[in-house]
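Keep the structure open as you read.

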Amino acid sequence: MQITELSNFIGLGVAGNFAGHLEQAGEAADFVAVKVDDKVAPKALFPFYVPNHPGQLGVFPLSGDAIFLPEAAVSGDEKVQIEPEVALWCELEYAGERVVAIHPKAFGAYNDCSIRRPNAKKISEKKNWGEESKGLAANLLPLTHFGAGCELDDYRIACYLERDGELHPYGVDSAAVDYSYFHQQLLDWAIDKFNHQQDEGPAEHIQGLLAQAGRPAHVLISIGATRYTPFGETHFLAPGDTACVVVYPASRYGESDIREAIRARTFGPDVSALLQAVKTR
């Protein structure tokens, strides 16, 4: 499946689905008032693309090869980081206004590229600042199901920043199965948020956004960013960089193989690779 084939979908992300990421990103305080029954549960669903939305969220932000920095990042007033994730391409099943099932069909490498804005009122204010502000790999890999033993269980998420010809580990190389919520537990949580999440604190009313989007047939869900390396936690994107997120099967490749594949710009068909040149308008 290619990025150009994506149509009739809403784009949503899962906040806080990898232990320690929110603290590293300086966002943990945003969720202090968010009530969760399970302390390791994700905090909220947030929108990054809503078709028919009259504001910034209505701008299609995905790119398979570039990230254009916001103007304030070029001047140094704002800082932008890669957020390496797995994204799920899913069919939505409705009963009236309610989402009753989510059917994942494919997965791939995703960059939930984010502005660090400590005073942002909503998560989405940090996520979509225009065209080519987020990343999705051109090649999404098929999922036959999303339970224990599915194709994604063998995959890991690697993230590097290429700067001045040197590759720097930016995200901690992590197994997809190490997400806090995964498989049906994640889908059940997401269905609950689709139907019940309200416009409170940093969260938004997802059911209202679905209605605004015409209850789309599909959703692209980015299921959470991994932890940063010390380099990733303290270095921000600049023009001339290349942001690299690679989702690869651990049974067939090691970290050194992935680094070499990034340098050679050549990946196997079982790898979902996202390499984005960082640019300014």
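This is a predicted model. Five strands form an open sheet in the order S4-S15-S14-S11-S12, and the pairing is mixed. Strand S4 (66-68) and strand S12 (166-175) are the edge strands, each pairing on one side only. From one strand to the next, the twist averages 20 degrees.

**Strands S11 and S12**
- Strand S11 (residues 155-163) runs antiparallel to S12, and 7 bridges join the two.
- Across this pairing, Glu162 stands opposite Leu167 in S12.

**Helix on the sheet**
- Helix H6 (residues 255-264) packs on the sheet.
- H6 touches S11, S12, strand S14 (242-249) and strand S15 (272-279).
- The direction of H6 makes about 135 degrees with that of S14.

**Buried face of H6**
- Which residues of H6 are buried? They are Ile258, Ala261 and Ile262.
- Seen down the axis of H6, the buried residues fall within an arc of 100 degrees, so they line one face of the helix.
- An α-helix has 3.6 residues a turn, so residues three or four places apart point the same way.
- Against which strands do the buried residues of H6 pack? They pack against S11, S12, S14 and S15.

Note on methods:
Residues numbered from 1 in each chain as written. Predicted model: local features only at pLDDT ≥ 70, side-chain atom pairs only at ≥ 80, totals over all residues. Heavy atoms only, no water. Pairing = 2+ DSSP bridges. Helix = DSSP H or I, 4+ residues; strand = E, 2+ residues; numbered from the N terminus. Axes fitted to C-alpha atoms, helices over the stretch in contact; angles between N-to-C directions. Contact = heavy atoms within 4.5 Å. Buried < 20%, exposed > 50% of the residue type's maximum accessible area, 1.4 Å probe, protein only. Arc of directions from axis to C-beta.
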